[in-house]
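Thanks for coming. I will take a few minutes to walk through one structure, for those who have not seen it before.

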Amino acid sequence: TKLVYSFNDGNRDMREVLGGKGANLSDMTNLGLPVPPGFTVSTNACNKYFEDGQKLTEELINSIKVELEKVEKSLGKKLGGSKNPLLVSVRSGAPVSMPGMMDTILNLGLNDETVEAVALETSNRRFAFDCYRRFIQMYGDVVLGVPHYRFERKLESLKQNEGVTEDTKLKAESLKELSEDYKAIIKKETGEDFPQDPKEQLLKAVEAVFASWNNQRAKLYRQINKIPDHYGTAVNVQAMVYGNMGETSGTGVLFTRNPSTGENKLYGEFLVNAQGEDVVAGIRTPKPILELEKIMPEVYKELNDISYKLEKHYRDVQDIEFTIEQGRLFMLQTRNAKRTAAAAVKIAVDMVNDNILTKDEAILRVDASQLDKLLHRQIDDGSHVEHIATGLPASPGAATGALVFSADNAEKLVEKGKKVILIRPETTPDDIHGIVAAEGILTQRGGMTSHAAVVARGMGKPCVCGCEALNIDIMDKNVKIGEETYNEGDIVTIDGATGNVISGTVKLIDPELSDELITFLGWADDVRQLNVRTNADTPEDANKAREYGAEGIGLCRTEHMFMAQDRLPIVQQMILSDSKEKQQAALDKLLPFQKEDFYGIFKAMAGLPVTIRLLDPPLHEFLPNAEELAKEINEMKSEAKPAYKIKEKEQILKRIKSLHESNPMLGHRGCRLAIVHPEIYDMQVHAIFSALEELKKEGIDAIPEIMIPLVGEAKELKIVKDNVLKVANQYSHLDLDYKVGTMIELPRACVTADEIAEHAEFFSFGTNDLTQTTFGYSRDDAEGKFLPAYIDKKILPENPFVSIDEKGVGVLVDLGVAKGRKVKKNLKIGICGEHGGDPQSINFCQKVGLDYVSCSPFRVPIARLAAAQSYI
Ligand code: ADP
Ligand code: MG
Ligand code: MG
């Protein structure tokens, strides 16, 4: 295989071999743009280098020599020549852009001799030594591992001695002195002289750039962005051009459109008399690109023309690096620009309107998971604020409010019109009403998928969790962060996109679906096959989801209704009652509440299907904590409270203990509850049908789908379904349309899906539980204790609760679909686990032929886009 390619030999399709930078440098060369000549050492050479135990082969060294000679010839210069010395840059460039993660060296080829030649030929001694000191520093840093700051300190003290603040004000002789000092630093740090042989410099630099593929930050960047480790980096060796030759020279970076807003206007910055990283390093404040028009109108015009040419050529917004040498423009890099979600959408729409892209292409251009960022209240980028603590960015968006330490208090204060942030050591389902009331949630413990996080994301509420710096005292209602103590009522802001906690108020901006986003999602709707429903438990959520384009409810969880503050005592009565009569009385009291819930939800979703899941969790989730209750009883005793009151509590405690399960996730829940206690589902079905009755009278079109959870055996479904029908039949005179179906969330249900389908009018894959039961992981324990290690050790590619595990869980889903449809050809099948809002999992759902996905309201736009992308 060829190891080294001239810029004349490559093209844009060779990213894998040449890296993105190298492929595009070749491409720009082919287009006839002003690119300094050079060549690319391929990623193959890099991988070979690592295979060979980090040694350059003779073959590679020879190929480099051959290509170097071509560059020397074309410019009439020679690397290391005492006359007309050639200087080169040695630049990293991976197949997938990893901006700034790896290393680059400029001005290579300088030594004590060639620097004098450059000074003489350019008649610019200052320039020559400016290049030399830059080179020694970069080489020292990248190749020899001498820390940056060693050099920076010298530079700073020199500037102080000379009484200047800017590098450009340093005289030639000072820069020469600086280069001597730099060499001395290298000698001191490494015990060796700075290498004077340019050939040695070049080969060492190539090796160092190869090695930078495996530096810490590059590795981390790959991990975060899922870039495979085996790609390796290419190395570009390119003749230098100089932006530091005086007032008619400069260097800059620009975007062909604004990467933050998408506005169709050049956006960028440049510096006069500067080189390389000066622009981004923040030493001098760069000027906006539009000012270049005033200073060098010719150059600006050429740059402007080339920019648009490149944008047209790549049919995407370009991020361009350029240098101006004495009034002459050179192109040093172009790549597709990274952009915010808002910009991505605007650019995609504009490019369709300008006939640059087809709609299908535009749809593929926007990263679906990025849309998330457009739908939450955000901290105004313009306000710079300092944070007091940082946790995990669990649910994006920002929120400001008064700290409250309990869910009850949160609710009370909100009723009085306050805005609050609920702060808890961790949250449990008991806190749900507090979460509903609060603007945002902050917890000390728990990960990105902890209860608080999942619930908050479901509601589109900002949440920061696992914020270890918090030291919460629930009793005294305060939290210590370092030395500071914050009390109930103190105002804080949390940023769920970064995990930052900020003291006081910060300016927030409201999210809204921009006109462009509405247009864009409309195009997605036109192509997608999968329907998109939402998981919603309240009319408010249902309305929100409709606004975002949901086509029905795929999962309405009824347990949240049981948790509401005014109902929980009745639910507890029902569970704790010692006779059938008392139990029925409690259920009768719950019925009107449930009816009201269903009425509201059906109405909000009028004309669209609503899947209602009958009660799922084990009953003890609705009861007080046994330990706390025992403590309370002890206190009552010591305070000599009336005996009957104590007895009452003791009865409750006894019942709680009897309901205790050693493994509730696999315990008495779902349809297993309904088989032992059919009365609860009976009440729920009554509530559904009496709501339907009322809606029918009002002429509102409700489309109910009743869903039975946790079925693992067809007979379970048959029994429970028969009970549902018995109640439903009491309403037969109304002639209502409804379906009864089941969740498929146990491996056994997938395997016996044909038998189950006999009794089901629809399937909905509950992939949260299916993932738990297939892996045999309890989610909370897995995510808290061992999953991170599994992902770290690459045992699993990623968290299977975020993206569906296609190898295992996926095969079961596929089997369930096939078996179900074998019995009922047109069986409607959807998915309602959290995977329903994950683009990668949505792609899988399309593949296995599901009819719809269902996800939280705030993920509906993401799902609409991802569904379209998976179909194109
Ligand atoms: P990164 O990947 O970090 O952007 P680059 O390889 O693009 O690193 O180099 C960074 C900067 O160095 C470029 O933007 C350019 O300003 C400067 N540079 C690189 N090669 C040359 C060259 N041949 N002549 C002049 N400047 C160069
Ligand atoms: Mg660059
Ligand atoms: Mg479940």
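I will go through the domains, then the ligand, then the annotated positions.

Please keep in mind that this is a predicted model.

Start with the overall division. There are four domains here: domain 1 covers 4-236, domain 2 covers 250-336, domain 3 covers 377-509, and domain 4 is made of 528-618 + 661-871. Between the C-alpha centres of domain 2 and domain 4 the distance is 53 Å.

Now the ligand. Which domains each give at least three residues to the shell around ligand 1? They are domain 1 and domain 2. The residues around ligand 1 number 16, and those that come nearest are S89, R91, T104, G276 and E321. Four strands supply at least two shell residues each: strand 5 (88-93), strand 6 (104-108), strand 11 (318-325) and strand 12 (328-336).

Next, the annotation. An unreviewed UniProt entry lists H451 and C832 under "active site". I will stay with C832. In the model, C832 sits in the loop that runs between strand 32 (828-831) and helix 33 (839-847).

Is C832 buried or exposed? C832 counts as buried, because 28 C-beta neighbours lie inside 10 Å, and the cut-off for buried is 20 or more. Setting aside neighbours within four places in sequence, the residues in contact with C832 are N535, G554, L555, S764, G766 and S854.

That is the end of the walk-through.

Methods
Residues numbered from 1 in each chain as written. Chains lettered and ligands numbered in written order. Predicted model: local features only at pLDDT ≥ 70, side-chain atom pairs only at ≥ 80, totals over all residues. Domains from an automatic or database assignment. Near = placed C-beta within 6 Å. UniProt positions renumbered as here; feature names shortened; annotations may be inferred. Buried ≥ 20, exposed ≤ 12 C-beta atoms within 10 Å, placed from the backbone. Contact = placed C-beta atoms within 7 Å.
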